[in-house]
Amino acid sequence: MDRREVLKCAAAGVFTAWTSRRLSAQLPAGGRLTDKLSVVDGGGANLVAFSASDGFVLVDSGAPKSGDKVMGALGSNAKVHTLFNTHYHPDQTGNNEIFAAAGAKIVAHEHTRQWMSTDYWVPGEDRYQKARPEAARPTETFHTAGSMKAGNEQIDYGYLPLAHTDGDIYVFFKTSNVMAVGDVASPLRDPALDYFTGAWIGGRVDAMDIILKLSNELTKVVPAYGPVMTRAEFKAERDMMEEVRSRIWKRALQGDGPQDMVEASVLKGLARTWKDPYKFLYDANKGMFAHHNKLDPSVI
Ligand SMILES: [Zn+2]
């Protein structure tokens, strides 16, 4: 190696160090998962930010009015070129307008775009929700799956049918082995079933099986709220949901409704407790009866 080559290598080394410092400086420190991936607080909801040389890939945009906080975490000069929405709920789509106005494309399941494009009934709150403005809606939708590259990162995404809404998706940062799954995992809040969209407890278990199949024991699973999960923790939640599904169905076959199930302590003895067991059981029953033909061959 002559002197010129040594100098060239030294310069390259300095450049690499400077680049990686610059990239890591862009990453929010709070919930760093790798040198390129972080969990960002989106007004209580978890957002996942991936930093590439040409800008960020962001999963979910955060709750309404949390835009300044999210932008503050990403950095004042941050550019998000791709935003995913894991589903249509406001905590995941609340700042879509801000990122769209700055040039981001918004990728989501087609059903998510449809829910955001029309007024819809919120049965639990007995009110209509207005359609979101055009500027907040997904710009690129899919039905089954898709993939993209961001720098060296392979990003696969796909549909998780009827797990929490009818438009849930996972976003799998495959190279980093981190998967964002939105509200399909719920280690902190009560698992929620938006039955009005067709979501139900059997769909949730099936969707969790899709995630288990795609992942390995080192995969980090990022839920919409609460701590990042290991695959083993996620599997434990899946098994618990299957146990709940089986218990609820047995009681339903005996003619029990949600209040009977609360009184019979159907959720007792599980690894977790519910803040609002009646709401969960009400929504689970509603969802289950919309799918009763999938539960037992003796029911027609
Ligand atoms: Zn949700």
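Strand E2 (residues 37-42) and strand E3 (residues 45-52) run antiparallel and are joined by six bridges. Strands, like helices, are DSSP runs numbered from the N terminus; a strand (E) has at least two residues, a helix (H or I) at least four. Glycine 42 has alanine 45 in E3 as its bridge partner. The model is a predicted one: local features need pLDDT of at least 70, side-chain atom pairs count only at pLDDT 80 or more, and totals for chains, interfaces and linings use all residues. Residues are numbered from 1 along each chain as its sequence is written, and side-chain values use heavy atoms, with hydrogens and water left out.

E2 and E3 belong to an open sheet of seven strands with the order E1-E2-E3-E4-E5-E6-E9. Pairing in this sheet is mixed. Two strands pair if DSSP finds at least two bridges between them. Strand E1 (31-32) and strand E9 (140-142) are the edge strands, each pairing on one side only.

A further open sheet has six strands, ordered E10-E11-E12-E13-E14-E15, and its pairing is also mixed. Its edges are strand E10 (145-150) and strand E15 (229-230). Each has a single partner strand, so one side of each is left without a neighbour in the sheet. E10 and E11 are antiparallel and share six bridges. Alanine 145 has glycine 158 in E11 as its bridge partner. Glycine 158 in turn stands opposite tyrosine 170 in E12. E11 and E12 pair in the antiparallel sense over five bridges.

E12 is mostly covered, with five of its five residues buried (under 20% relative accessible area, with a 1.4 Å probe and protein chains only; exposed is over 50%, partly exposed in between). Ile169, Val171 and Phe173 point one way from the strand, Tyr170 and Phe172 the other way. E12 and E13 run antiparallel and are joined by three bridges. Phenylalanine 173 faces valine 178 in E13. The two strands form a hairpin with four residues between them. In the turn, asparagine 177 has a positive phi of about 60°.

The zinc ion has four protein donors: His87 (NE2), His89 (ND1), His164 (NE2) and Asp183 (OD). They lie 2.1 to 2.3 Å from the ion. Donors are N, O and S atoms within 2.8 Å of the metal (3.2 Å for Na, K and Ca); water is not among the atoms, so sites may look incomplete. The angles among the four donor atoms are 90 to 172°, and the site is irregular. Four donors count as tetrahedral if all angles lie between 85 and 135 degrees; four count as square planar and six as octahedral if opposite donors are over 155 degrees apart and all others between 65 and 115; anything else is irregular. In sequence, the donor residues follow the spacing H-x1-H-x74-H-x18-D. Histidine 164 and aspartate 183 link distant parts of the chain, 19 residues apart. Histidine 164 sits in the loop between strand E11 (153-159) and strand E12 (169-173). Aspartate 183 sits in the loop between strand E13 (178-182) and helix H6 (201-214). Histidine 164 is buried, at 3% relative accessible area. Aspartate 183 is also buried, at 9%.

Twelve aromatic pairs are found in the whole structure. Rings of Phe, Tyr and Trp (its six-membered ring) pair if their centres lie within 6.5 Å; planes under 30 degrees apart count as stacked, over 60 as edge-to-face and the rest as tilted. Among them is the stacked pair of tyrosine 88 and tryptophan 115, at 5.3 Å centre to centre and 15° between the planes. Tyrosine 88 lies in the loop between strand E5 (80-84) and helix H3 (90-93), and tryptophan 115 in helix H5 (residues 110-116), so the pair ties together parts 27 residues apart in sequence. Both residues are buried. Tyr195, Phe196, Tyr278 and Tyr282 form one aromatic cluster.

Two arginines are placed over rings. The charged end of arginine 189 sits over the ring of tyrosine 225, 3.6 Å from its centre. Arginine 272 lies over the face of tryptophan 274, 5.4 Å from the ring centre. A charge sits over a ring if NZ of Lys or CZ of Arg is within 6 Å of the ring centre and within 35 degrees of the ring normal.
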